[in-house]
Amino acid sequence: MSHLTEQHYPSVNELVLSARVLAAEQPWLCRLRRVGTSRAGRPLHLLSVGHATRAVLVVAGAHSNEPVGGPTALHLARQVAADPRLRTHTSWHFLLCADPDGASLHRSRTPASLLDYHRHFFRPAGPEQPEWAPSVLPPDQLPPEARTLLRLIDELQPYLQVSLHGTDLGGTWVQLTREIPGLAEPFAKSAAQLHIPIETGTSDAAGWPVTGPGVHVMPQPGSDVPFPSLPEDVTRSTWYHAHRYGGLTAIVEVPMWASDLVDDTHAHPDPGAALQHVSRRLRAQAAQVEQVLSRARTAERYAAAQTDAGGPLEPPHPLAPLLRATRWALDLVPGLADDWLLPPPADATMTYVSSIDAFGRRLPLRAAAMLLRVLKAAGDPTAPELDRLVTRWCEEFATAFRARWVPLEHQVEHQARTVLTAAQYARVAADAA
């Protein structure tokens, strides 16, 4: 891992440059090609290693605020190129960044703290996220990044797709569209070796079947959902597209900052009261952001920024994605706050409550952080007030969860190990089927 510095997440251009060097060094083995174009005209690059018919597709950068996937993809590509055993029966394909437009807006390459991370934060609204867009938009309205990913899956027909994700603060976990027998044990061993806590009750997979600590299998369509305000058809996402070809998808999450509170499996003494507190705080913090927004001079331009084209802003305003994402996050709040007033599961653990607590802190903080970037750029007089909120909420989040930085090389190593193990075990399962 000598090519990584302690906290340096490479830019998309640096990723492509490194991939180009690898392809030039071993042109008989590696190929770098442009497979699509973003909404803003940025290229989407695929690095392929090996020539076997069976394929693994690794997707990095699907969420712009989760930059670990890029260096993990490069690390894996180098490993596969150096070890013939890893490509004997499998060709490997790495989409270096699924959302280069989003990556250009999230500018946190060397986050010194949770506050520093949020000062440069961007995460697009749900319909603009490449993997998630097909689950909420009709096919003729999909962004080009999502269409590119779907085309790649159709072309490669991978027996395994792996999506590389990361969380700002918490632990590591895996989500599977179908079970991979045997994955849980090596996953847990890797996390322990690298001192990364396993998030055993993540709110992202609340109520899902588990095959081991932190390994969650997506439930069948029609199953009860823990948060009714988040209606979602995950089977229409790009994750499930691999099922058309007998494949499956693994989503591998690693934290930037770890919290040892997220792997406490003891029963919570009063989860109902704790979640009521989280619900009240969520409403109150979102209301503070809404109040700032209502007084900001940029508010009159807000409605015009809701679409990429049309309306008073021609061409699209460069800050429009930040504003749309702010509004989208704030619009999730009322439903989630109601969800968390419902009776919690009878077996709710400390981790379950901690994960929802973290979710409840992230939502208004992210909205505030993105709005703050807009207000600062516009010189809006409400910016200092919002800056104080973002600063305080980041400090409270980090303190409450006892945040500790996970070295980038550990983030990458754990994610890479999990990908290699998932590929090995998924191939064994496919052969036995």
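Reader: Which residues in H9 meet which ones in H12?
Author: From H9 there are Gln 285, Gln 288, Val 289, Val 292 and Arg 295, and they meet Glu 385, Leu 386, Leu 389, Arg 392 and Trp 393 of H12. "Contact" here means heavy atoms within 4.5 Å. Before we go on: this is a predicted model, where local features need pLDDT of at least 70 and side-chain atom pairs count only at pLDDT 80 or more, while totals for chains, interfaces and linings use all residues. Residues are numbered from 1 along each chain as its sequence is written, and side-chain values use heavy atoms, with hydrogens and water left out.

Reader: What makes a stretch a helix with a number?
Author: Helices are DSSP runs of H or I with at least four residues, strands are runs of E with at least two, and both are numbered from the N terminus. H9 covers residues 271–295, and H12 covers 383–400.

Reader: Why are H9 and H12 called roughly antiparallel?
Author: Their axes cross at roughly 160 degrees and come within 10 Å. Axes are lines fitted to C-alpha atoms, for helices over the stretch in contact, and angles run from 0 to 180 degrees between N-to-C directions. Under 35 degrees counts as roughly parallel, over 145 as roughly antiparallel, 65 to 115 as roughly perpendicular and the rest as oblique. The angle is over 145, so H9 and H12 are roughly antiparallel to each other.

Reader: What is the hand of the crossing of H9 and H12?
Author: That crossing is left-handed, a word used if the near helix is turned anticlockwise from the far one by less than a right angle (clockwise would be right-handed).

Reader: How do the residues of the contact of H9 with H12 divide?
Author: You get 5 nonpolar, 2 polar and 3 charged. Ala, Val, Leu, Ile, Met, Phe, Trp, Tyr, Cys and Pro count as nonpolar, Asp, Glu, Lys and Arg as charged, and the others, Gly among them, as polar.

Reader: What makes H9 roughly parallel to H11?
Author: The axes of H9 and H11 come within 9 Å and cross at roughly 5 degrees. That angle makes H9 roughly parallel to H11. Their contact includes Leu 282 and Gln 285 of H9 and Arg 361 and Leu 371 of H11. By class, it has 18 nonpolar, 2 polar and 3 charged residues.

Reader: And what makes H10 roughly antiparallel to H11?
Author: H10 (residues 320–339) and H11 have axes that come within 9 Å and cross at roughly 155 degrees. With that angle, H10 counts as roughly antiparallel to H11. The crossing of H10 and H11 is left-handed. Among the contact residues are Leu 330 and Val 333 of H10 and Phe 359 and Met 370 of H11.

Reader: How many cavities of 30 Å³ or more are there?
Author: The count is 2. A cavity is a set of points, on a 1 Å grid over the protein atoms alone, where a 1.4 Å probe fits but cannot get out, and its lining residues have an atom within 4 Å of a point. Points are joined across faces, edges and corners, and the volume is the space filled by probe spheres set on them.

Reader: Which residues line the largest cavity?
Author: The lining is Gln 285, Arg 361, Leu 365, Trp 393, Glu 396 and Phe 397, around a volume of about 40 Å³. H12 gives the largest share, 3 residues.

Reader: How do the residues lining the second largest cavity divide?
Author: Into 7 nonpolar, 1 polar and no charged. Val 12, Pro 43 and His 45 are among them, and the space is about 30 Å³.

Note on methods:
1 Å grid on protein atoms, 1.4 Å probe; cavity = no way out; pocket = protein on both sides within 12 Å on 5 of 7 lines; lining within 4 Å.
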